[in-house]
Amino acid sequence: MKQAVRQAVGRRAGLSLVVRPEREEAALWRRFHETHEGLLREGLFERYRRFARSLARRHARRSGLRQDLVEDLEQFAYRGLLEAIDRFDPVRGSTFLAFSSARIAGSIVDGLAQLDERGAQLRFRRQLERERLNSLTEGQSRGRSATEELSELVTELALGLMLSAQDRDAPSDFAGRSDNGFDSLAWHETRNVLGQRVEQLPEPERTVIRQHYLNDLLFSQIAAILGLSKGRISQLHKSALQKLRKSMKAFR
Amino acid sequence: MTDALNNRCSDAQIQEILAISAQDTLAGIAAIDTALRDFPKDARLHFLKGSMLIGEKRFIAAHTALREAVRLDPELHIARFQLGFFELTSGEADAALASWQPLKAALPAGHYLQLFVEGLEHLVADRFAPCIESLRAGMEVNAENAPLNGDMQLIIERCRELLGEQGPTASESGDGEAVSATSFLLGTSRRLN
């Protein structure tokens, strides 16, 4: 009774004196089940959010995950919670906590798998980029100014980025900004020409470019395919991009 | 007109269901369901079922049953009161007030249900002293449903505590609706009609 009195302070005190939480919860479910109204879904989400968060944190503790991953786990738990809210049938009699626990845990595990995959992809992507940069910066100098070298390097890296984006539709996808109609047209035209120039490269440079940029193979993997050393693949990569840079300069 | 022709099960059958429920609530609910197959429009059966389902914490099904009882027999005043009281205790004050609204016109002034509704309306509006006064007045004239008095006494005590007064502590049974319904149906089938 004292608890009810304490709860009464700060809100409709009279109603708080008689409301029974388990009935209130059931009423929320009943109304949501009848209407599927968004505000009621939000009410249910808020009611169980801490529960979902506690499951995420417990999972993180048991798995010994880094602190910076806990927030990701909480997001996965919330996703599972929302799915559970939409799928729960309150008339059947089982409690929502029992119903949702398995779904929230499943969402956490699924999300964690995606997280691992994404982390692996990021590591892989960094390795690809490091290989490209190392390849392009090898043997720089030979009497040219630093500015010239840097200009060439930037152009070659830009060509690499453009080749990597061959499967994307618009420049804004990788440029990180919105494009207008002219940009989009210029992008598609340049990309098509670049694709043609790649096809005109001599072998094995053409294979190196295609496998590395279009199929995301590492230099070591291409080396295994072509029966060459990784260092040789790096040289072929550099040579191919220099040719592309020169031919694209003529196009501009 | 016989009960069968009137879509109502016999009083004897009601008594039998109550006897079963006194021993085993789930068996009582099953007996009600059996009776409802023959008398699906008997509001008393829906009312009793709803009251027992509350005791079993099957709140959504309970609300459906109480609502059905009121729909089938808008003059079954105890069912209407309990529907509103259940909605009030579920945090649905507006729904409760709407459910009770017809009681004001249907019952004579000074009827205990009328006074209880009046007191609970004061409660919702945080008018605690008038709430206590109305509920007490209702308890004094309520001679047919003692369990309801228990519920109202509990509310009075909570109001007094909020007002800084101290009173004797009443226990909360949690299934007052079932006891109240049983009390009503044992005492009289349709005394309120």
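Reader: How many residues of chain A are in contact with residues of chain B?

Author: Two residues are in contact if their C-beta atoms, placed from the backbone, lie within 7 Å. On that basis, 22 residues of chain A are in contact with 22 residues of chain B. This is a predicted model, in which local features need pLDDT of at least 70 and side-chain atom pairs count only at pLDDT 80 or more, while totals for chains, interfaces and linings use all residues. Residues are numbered from 1 along each chain as its sequence is written, and chains are lettered from A and ligands numbered from 1 in the order in which they are written.

Reader: Which elements give two or more residues to the side of chain A that touches chain B?

Author: Elements here are DSSP runs, numbered from the N terminus: helices (H or I, at least four residues) and strands (E, at least two). Those in question are α1 (2-8), α2 (13-18) and α3 (21-35) of chain A. The most comes from α3(A), with seven residues.

Reader: What classes of residue does the side of chain A that touches chain B have?

Author: Ala, Val, Leu, Ile, Met, Phe, Trp, Tyr, Cys and Pro count as nonpolar, Asp, Glu, Lys and Arg as charged, and the others, Gly among them, as polar. The side of chain A that touches chain B has 14 nonpolar, two polar and six charged residues.

Reader: At what angle do the axes of α3(A) and α4(B) cross?

Author: Axes are lines fitted to C-alpha atoms, for helices over the stretch in contact, and angles run from 0 to 180 degrees between N-to-C directions. The axes of α3(A) and α4(B) cross at roughly 70° and come within 9 Å. The two helices are therefore roughly perpendicular (65 to 115 degrees; under 35 counts as roughly parallel, over 145 as roughly antiparallel and the rest as oblique). Arg23(A), Ala26(A), Trp29(A) and Arg30(A) of α3(A) meet Phe59(B), Ile60(B) and His63(B) of α4(B). This contact has four nonpolar, one polar and two charged residues.

Reader: Where should the predicted coordinates not be read in detail?

Author: That caution applies where pLDDT is low. pLDDT is the predictor's confidence in each residue, from 0 to 100. Chain A has a mean pLDDT of 76, and 71% of its residues reach 70 or more. Over residues 1-11 of chain A, pLDDT stays under 50, and the model has 14 contacts beyond four places in sequence for them. The pLDDT is also below 50 over residues 167-178 of chain A, a stretch with 15 contacts beyond near neighbours in sequence.

Reader: How many helices and strands does chain A have?

Author: Chain A has 12 helices and zero strands. Of its 252 residues, 23% are buried; a residue is buried if 20 or more other C-beta atoms lie within 10 Å of its own, exposed if 12 or fewer, and partly exposed in between, with C-beta atoms placed from the backbone. Ala105(A), in helix α6 (residues 96-137) of chain A, is partly exposed, because 18 other C-beta atoms lie within 10 Å.

Reader: Which backbone features are found in the loops?

Author: A cis peptide bond, with omega about 0°, joins Glu203(A) and Pro204(A). Pro204(A) lies in the loop between α9 (181-200) and α10 (205-214) of chain A. In chain B, Lys57(B) has a positive phi of about 65° although it is not a glycine, and is found in the loop between α3 (43-55) and α4 (59-72). Asp126(B), also not a glycine, has a positive phi of about 60°; its loop runs between α7 (112-124) and α8 (128-141) of chain B.
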